[in-house]
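The following exercises are to be worked with the sequence and the model at hand. Each task is followed by a solution in steps.

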Amino acid sequence: DIIEKHLENDVIASIINERLNQNLTIDDLAQKAEIETNLLTKIETRKQTPSLRILYKIVKALNKHLKLI
């Protein structure tokens, strides 16, 4: 519910939603993005803010584009 309410303006919620839509586990996405699973877990649970470089890797692994403006 919370994810869907803020999906348009919330990049983390968008990442989680897209990961789920693609039936990827956190491990799957972390491997595709070439980042540590624990880092992705921290990002998805909002315990860590990703750098733009990490964010780009995640979005690219989901075959999506990051729109900044």
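**Exercise 1. The nonpolar core**

Identify which residues of the largest nonpolar core touch the most other members, and state which helix gives the most to this core.

*Solution.* Step 1. A nonpolar core is a set of buried Ala, Val, Leu, Ile, Met, Phe, Trp, Tyr and Cys residues joined through side-chain atoms within 4.5 Å. Buried means under 20% relative accessible area, exposed means over 50%, and partly exposed lies in between (1.4 Å probe, protein chains only).

Step 1. The largest such core holds 17 residues, and Ile15, Leu29, Ile35 and Ile58 touch the most other members.

Step 2. At least two residues of this core come from each of α2 (11-21), α3, α4 and α5 (52-61). The greatest contribution, 5 residues, is that of α5. Helices (H or I, at least four residues) and strands (E, at least two) are DSSP runs, numbered from the N terminus.

Step 3. The model is predicted: local features need pLDDT of at least 70, side-chain atom pairs count only at pLDDT 80 or more, and totals for chains, interfaces and linings use all residues. Residues are numbered from 1 along each chain as its sequence is written, and side-chain values use heavy atoms, with hydrogens and water left out.

**Exercise 2. Packing of α3 against α4 and α5**

Determine the angle at which α3 packs against α4 and against α5, and name the residues that make each contact.

*Solution.* Step 1. Axes are lines fitted to C-alpha atoms, for helices over the stretch in contact, and angles run from 0 to 180 degrees between N-to-C directions. Angles under 35 degrees count as roughly parallel, over 145 as roughly antiparallel, 65 to 115 as roughly perpendicular and the rest as oblique.

Step 1. Helix α3 (residues 26-33) meets helix α4 (residues 37-44) at an angle of about 115°, and their axes are 9 Å apart. The two helices are therefore roughly perpendicular. Their crossing is right-handed; a crossing is left-handed if the near helix is turned anticlockwise from the far one by less than a right angle, and right-handed if clockwise.

Step 2. On the α3 side, Ile26, Asp27, Leu29 and Ala30 make the contact, and on the α4 side Thr37, Leu40, Thr41 and Glu44. By class, these residues are 4 nonpolar, 2 polar and 2 charged. Ala, Val, Leu, Ile, Met, Phe, Trp, Tyr, Cys and Pro count as nonpolar, Asp, Glu, Lys and Arg as charged, and the others, Gly among them, as polar.

Step 3. Two C-alpha separations illustrate this contact. Asp27 and Thr37 are 10 residues apart along the chain and 5.6 Å apart between C-alpha atoms. For Leu29 and Leu40, 11 residues apart in sequence, the C-alpha to C-alpha value is 8.3 Å. Asp27 is partly exposed, with 47% relative accessible area.

Step 4. The angle between α3 and α5 is about 110°, with 8 Å between the axes, so α3 is roughly perpendicular to α5. Leu29, Lys32 and Ala33 of α3 meet Lys57, Ile58 and Ala61 of α5. This contact has 4 nonpolar, no polar and 2 charged residues.

**Exercise 3. Positive phi values**

Where do Arg46 and Asn63 lie, and what is the phi of each?

*Solution.* Step 1. Most residues other than glycine have a negative phi.

Step 1. Arg46, in the loop between α4 and α5, has a positive phi near 65°. Its relative accessibility of 49% makes Arg46 partly exposed.

Step 2. Asn63 lies in the segment after α5, and its phi is positive, near 60°. Asn63 is exposed, at 62% relative accessible area.

How values were computed: Contact = heavy atoms within 4.5 Å.
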